[in-house]
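I have a new structure open and want to find my way around it. These are my notes, in the order I looked things up.

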Amino acid sequence: MTHPQWQQLEQDSIQLNGALDRESVPGLWQFVQQWQPTHNQIVVSLQNVGRVDSAGMVLLIHLIEHAKKQNCHIMLRFVPEQLRMLFQLSNVDSLVTKHISE
C-alpha cells in the first residue's frame, strides 16, 4: 500500500511531501489509518511539505496517536514555522513538544 505524499526512506524514516491541507488530507488519512509501524521510533521528515493548514495539523496529531497505540514514538523533523504556529494557536504545542526534533 502506497501514497504519493508518503515516502518510506528507511524502515524507521518517512518523508511527507507536498501540501498537508484540507484537499490532500482525506486521501492521506485513509493511508495513515492502514499504516503499521515497524519500529518503536520513526522519524517523519516534513522538509518537503509546502503548505500546512489545520487539517494537516490534525492529521499529524492523529498519526502520533495511531503510532503510540502500536508502541511507536513519532519524531517530527523539519517542522515548518507555519505548523509550529498552528500548534501554539490550537493550544496543543504541549502535546506535541516531545515529538518535535530540533
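**Entry 1: a loop residue.** I started with Phe78, which sits in the loop between E4 and H3. A reminder to myself before going on: this is a predicted model. Is Phe78 buried, partly exposed or exposed? Its relative accessibility comes out at 40%, so I put Phe78 down as partly exposed. I also looked up its backbone: phi is positive, about 55 degrees, and Phe78 is not a glycine. I noted that down because most residues other than glycine have a negative phi.

**Entry 2: another positive phi.** Asn91 went on my list for a phi near 60 degrees, again a positive value in a residue other than glycine. Where is Asn91? I found Asn91 in the loop between H3 and helix H4, which covers 93-96. With a relative accessible area of 63%, Asn91 is exposed; the cut-off for that word is over 50%.

**Entry 3: the sheet.** Next I traced the strands. In what order do the five strands of the sheet run? I read the order as E1-E2-E3-E4-E5, in an open sheet with mixed pairing. E1 and E5 (100-101) are the edge strands, each pairing on one side only. I then checked how E5 is attached: E4, residues 73-77, pairs with E5 in the parallel sense, over two bridges. Across that pairing, Leu76 stands opposite Ile100 in E5.

**Entry 4: a helix over the sheet.** I followed H3 to see what it covers. H3 lies across strand E3 (41-52) and E5. Its direction is at about 100 degrees to E3.

**Entry 5: H2 against H3.** How do the axes of H2 and H3 (residues 81-89) cross? I get roughly 80 degrees, with the axes coming within 10 Å. That angle falls in the range of 65 to 115, so H2 is roughly perpendicular to H3. For the contact itself I wrote down Ser54, Met57, Leu60 and Ile61 from H2, meeting Leu83, Leu86 and Phe87 from H3. Sorted by class, the residues of this contact are six nonpolar, one polar and no charged.

**Entry 6: H1 against H2.** The pair H1 (residues 25-34) and H2 (residues 54-68) gave me another angle: their axes cross at roughly 0 degrees and come within 11 Å. H1 and H2 are therefore roughly parallel to each other. Which residues meet here? From H1 I listed Val25, Leu28, Trp29, Val32 and Gln33, and from H2 Ala55, Gly56, Leu59, His62, Leu63 and His66. Between H1 and H2 the contact residues divide into seven nonpolar, four polar and no charged.

**Entry 7: Val25 up close.** Val25 is in helix H1 and counts as buried, because its relative accessibility is 11%. Leaving out neighbours within four places in sequence, I find Val25 in contact with Leu20, Ala55, Gly56 and Leu59. Take Leu59: along the chain it is 34 residues from Val25, yet the two C-alpha atoms are separated by 6.9 Å.

**Entry 8: Asp53.** Then I stepped to the loop between E3 and H2, where Asp53 is found. Is Asp53 buried or exposed? It is buried, with a relative accessible area of 14%. Setting aside residues up to four places away in sequence, Asp53 touches Leu20, Asp21, Arg22 and Leu86. Leu20 was already in my notes as a contact of Val25.

**Entry 9: Gln5.** My next stop was the segment before strand E1 (6-10), where Gln5 lies. Gln5 counts as buried at 12% relative accessibility. Beyond its neighbours within four places in sequence, the contacts of Gln5 include Gln15, Leu16, Gly18, Ser24 and Leu28.

**Entry 10: Thr2.** Thr2 is exposed, with 72% relative accessibility. I took one distance from Thr2: Leu83 is 81 residues apart from it in sequence, and C-alpha to C-alpha they are 25 Å apart in space.

Key: Residues numbered from 1 in each chain as written. Predicted model: local features only at pLDDT ≥ 70, side-chain atom pairs only at ≥ 80, totals over all residues. Heavy atoms only, no water. Axes fitted to C-alpha atoms, helices over the stretch in contact; angles between N-to-C directions. Helix = DSSP H or I, 4+ residues; strand = E, 2+ residues; numbered from the N terminus. Parallel < 35°, antiparallel > 145°, perpendicular 65-115°, else oblique. Contact = heavy atoms within 4.5 Å. Nonpolar A, V, L, I, M, F, W, Y, C, P; charged D, E, K, R; others polar. Buried < 20%, exposed > 50% of the residue type's maximum accessible area, 1.4 Å probe, protein only. Pairing = 2+ DSSP bridges.
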